[in-house]
Amino acid sequence: MATNEELSKRYEPKEIEQRLYEFWEKGEFFTPLLDAERPKFSIVIPPPNVTGRLHIGHALVNTLQDIVVRWKRMSGFNTLWLPGTDHAGIATQMIVDRKLAKEGISRFDLGREKFVERVWEWKESYGHQIIDQLKRLGASADWTRLRFTLDEGLARAVRTAFVKLHDDGLIYRGIAMVNWCPHCRTAISDVEVEYEERASKLYHIDYPVADSGRVLTIATTRPETMLGDTALAVHPDDERYQDVIGREAILPIANRRIPIVADPILVDREFGTGVVKVTPAHDKNDYEAGKRNNLVQLQVIDEGGRMTEAAGAEFAGLDRFDARKKVVALLRDSGALGDVKDYTHSIGIHGKCETVIEPMISRQWFVKIEPLAKPAIDAVRNGTIKILPQSWEATYFNWMENIHDWTISRQLWWGHRIPAFYCANGHLTVSVDDPTTCSRCGLNEFTQETDVLDTWFSSGLWPFSTMGWPEDTQDLRIFYPTDVLITGFDILFFWVARMIMFGLRFTGKAPFSQVFLNGLVRDENGQKMSKTKGNVIDPLDVIDEFGADAVRFTLAIFASGRDIPLAKSRMQGYAAFANKIWNASRFAMMHIDTKLSSAKAIERDELKSIERWILSRLNETTKSVNRALSDYRYDEASNAIYQFFWHEFCDWYIEMAKPVLLGRHGSEVDQQRAKRILLEVLDRSLRLLHPFMPFITEELWQKLGGVEPSIMVALYPVAEEMFEDTEAERMVRAVQAMITSVRNARAERSFTPKDRFKLYVRCEGRDSAFFADYAYLLTDLARLTEVIVNGDAPAGAHHDVVEGFAIAIEFPEKVVTKEQQERAQRELEKSRKELESLDAKLANEQFMKNAPPAIVEGAKARQAELRTRIEKLLQNE
């Protein structure tokens, strides 16, 4: 080519990815303008934990975001993708705890202030890793706006939100039953508890009724908690136990008297023995029953999961699970232990550390959630916010309508410390700024609350705190509310619901208008990925192996459904697609001698049929891709462009254009026009592909010499009516079908590609002129000696009907094998069966009366084609 350097023979991602990313960053292509007049598109990243390493779930959600961001940017929107990381309270504290343990010390040796300093040091050293890894994926976020949930600005936003909620009576401090993690020594909220089915034992224990010979039997999976029992409960209407209500039972081992109460809410008389033990300090249902019946709360398990002195001297200090073994042994020795059965049930686990949750009564800070939940429910119900796929809306409503107050305090050192201050007289001050004087007594010495806020509290403010709230900033005025949130369905309640509640409460606006919930990545067999199973796909490893574009395209094309099965072999396949793109571009650039910047406009009236066909197919693909992206159907969008580029552009159009491009057919004018169409299709295809495969498309497009400095700010293709051409599509489809029919017939008769034949085509009117003009194409691609239009085929020719055209192939004499005869017979039977079905359908009055006219006409056309086909197949016998 005259003006373009020749491409290397193979695409090598490692040679271009870092260079191109640095080019994008240096060119500030990721940073939007502060221009309120331009149409905007904004989106915030689900902030990955600062502790994190890029995993395949991060790769998926950030690829999906980047596809939309690049698409919107190319579509003319002033686009902001705001990135950041989360301080990840428990996770980060655990990492630094482990680091200190290797040094032989603990955070308690350092003290709170020094420990927090150590965490900040760790963050500065390692916190950038996840960002660097996102860049390797090609994420085009505006890194100049990078946020961290403990930044000074975000910390002020958190304090402001807390104070506003407290002043409005929506934050309170109280004693309640919470989910307690003995390992992390902190309370966690309901949504942070993960439930696992685990094999356990169901222990039946006999409790003697005091001053009688009667025994009441209960069943429990946690016999160690019986040391904290303060009652037995029965149903008030259960005739079996009317005589024991109000009496006392003897607690085995402890030999303590406890009341027998009637409680219709706690007890299901149809379940088990109809008697339950009540441990108000260690079970949520028992806690409520204890309040109803004025029962004592006896804490026998402490914050570290060890038995307290209240459990008895022989148990004090034992781990709760060791205490269970001892209790069972003593019950067995005393004769109070009945049946012990295998039992599988759901157990609450703290996902951060895999520790079994201990229900515990504790003084905590809570958000009164119902006044926040109602507007958030209404916003989705009235369509202000749409959740996609829509099936998730029912799940959202079910959870939000049954929501409990949110435990927001955590007994940690790393995080947003609650802005509550106590003077020496115990008076509480809640304020954004540290107080200097107590408004009630005038003292000026304060102690701040030691608890920190749940990480999800600060994350709930993310869409607007990152833009400067509570200040009135340009970013807020231009880019808030955001347009869409793209995240995994697993944090619908952790994060999405809370952002909706907080956005409506603090800004008066929904933080986004759409929520797209992507599925979770599984292995190729649908199994959860885990290190123990050895089925984890590390995105950094596969980026090294296949390139970022292949990884991104694989994630996009499989991004549908709740579970996304993924295999490295798929990435290898789309790495081959990248090579296909490279090689097709390499071929094109060897023949194109004009740059995009100087290319002349296309005159449609001068185009030949195959040129109108490829532009029409590209136009339809463009329409499909834009429509699919609008609906977040990444799979449909990526599949549409894959099918077009590989099969229609590479497999067909380039091969059809070669006779003209290589000077074997047509004039100089034809050749120049073919080069112009090749340039046009390649340019538009690369722009269509760019959001999915940004690196390879940028590298190739730069060599085409566009006006814009980068493909990412070039215009994204849109469908244009002028390129629609159903007639060209009909005729080229017929050419393709004829070529395919000849190739299949050649193979069936065991002829080689070197063997050439005559093809007879029967057609009428304008179609005759078309096939006369494109006889060279049929001859070239079907490897024929001659194409005869409307001539009579000799006896013994192979007959077929394709796309409504009767064709015949004149083969040399060759023995027809039994296998070929059987294959032809099967085809004949198949056609007869389909025709029989169509005849019956068209004879059905109801079908003819109710079916749309287009369906009826299609059935009639197919009926005629099958009759002709059967006739031709019979001629071949």
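Residues are numbered from 1 along each chain as its sequence is written. In this predicted model, local features need pLDDT of at least 70 and side-chain atom pairs count only at pLDDT 80 or more, while totals for chains, interfaces and linings use all residues, and side-chain values use heavy atoms, with hydrogens and water left out.

**Helix packing**

Helices (H or I, at least four residues) and strands (E, at least two) are DSSP runs, numbered from the N terminus. Axes are lines fitted to C-alpha atoms, for helices over the stretch in contact, and angles run from 0 to 180 degrees between N-to-C directions.

| Helix pair | Axis separation | Angle |
|---|---|---|
| α18 (residues 568-591) and α20 (residues 634-661) | within 11 Å | roughly 25° |
| α7 (residues 152-167) and α15 (residues 492-507) | 12 Å | about 75° |

Helices α18 and α20 are therefore roughly parallel to each other; angles under 35 degrees count as roughly parallel, over 145 as roughly antiparallel, 65 to 115 as roughly perpendicular and the rest as oblique. The crossing of α18 and α20 is left-handed, a term used if the near helix is turned anticlockwise from the far one by less than a right angle. On the α18 side, the contact (heavy atoms within 4.5 Å) is made by Y574, A576, F577, K580, I581, A584, F587 and H591. Helix α20 contributes Y642, F645, W646, C650, D651, I654, K658 and L661. The residues of this contact of α18 with α20 comprise twelve nonpolar, one polar and three charged, where Ala, Val, Leu, Ile, Met, Phe, Trp, Tyr, Cys and Pro count as nonpolar, Asp, Glu, Lys and Arg as charged, and the others, Gly among them, as polar.

Helices α7 and α15 are therefore roughly perpendicular to each other. Here A161, K164 and L165 of α7 meet F502, R505 and F506 of α15. The contact of α7 with α15 has four nonpolar, no polar and two charged residues.

**Strands**

Four strands form an open antiparallel sheet in the order β8-β7-β13-β14; two strands pair if DSSP finds at least two bridges between them. Strands β8 (215-220) and β14 (355-356) stand at the edges with a single partner strand each, so one side of each lacks a neighbour in the sheet. Strand β7 (residues 193-208) is joined to β8 by six bridges, and P208 has V215 in β8 as its bridge partner.

In strand β1 (residues 40-44), five of five residues are buried, meaning under 20% relative accessible area, with exposed over 50% and partly exposed in between (1.4 Å probe, protein chains only). K40, S42 and V44 lie on one side of β1 and F41 and I43 on the other. Strand β1 runs parallel to β2 (residues 78-82), with five bridges between them; S42 has L80 in β2 as its bridge partner.
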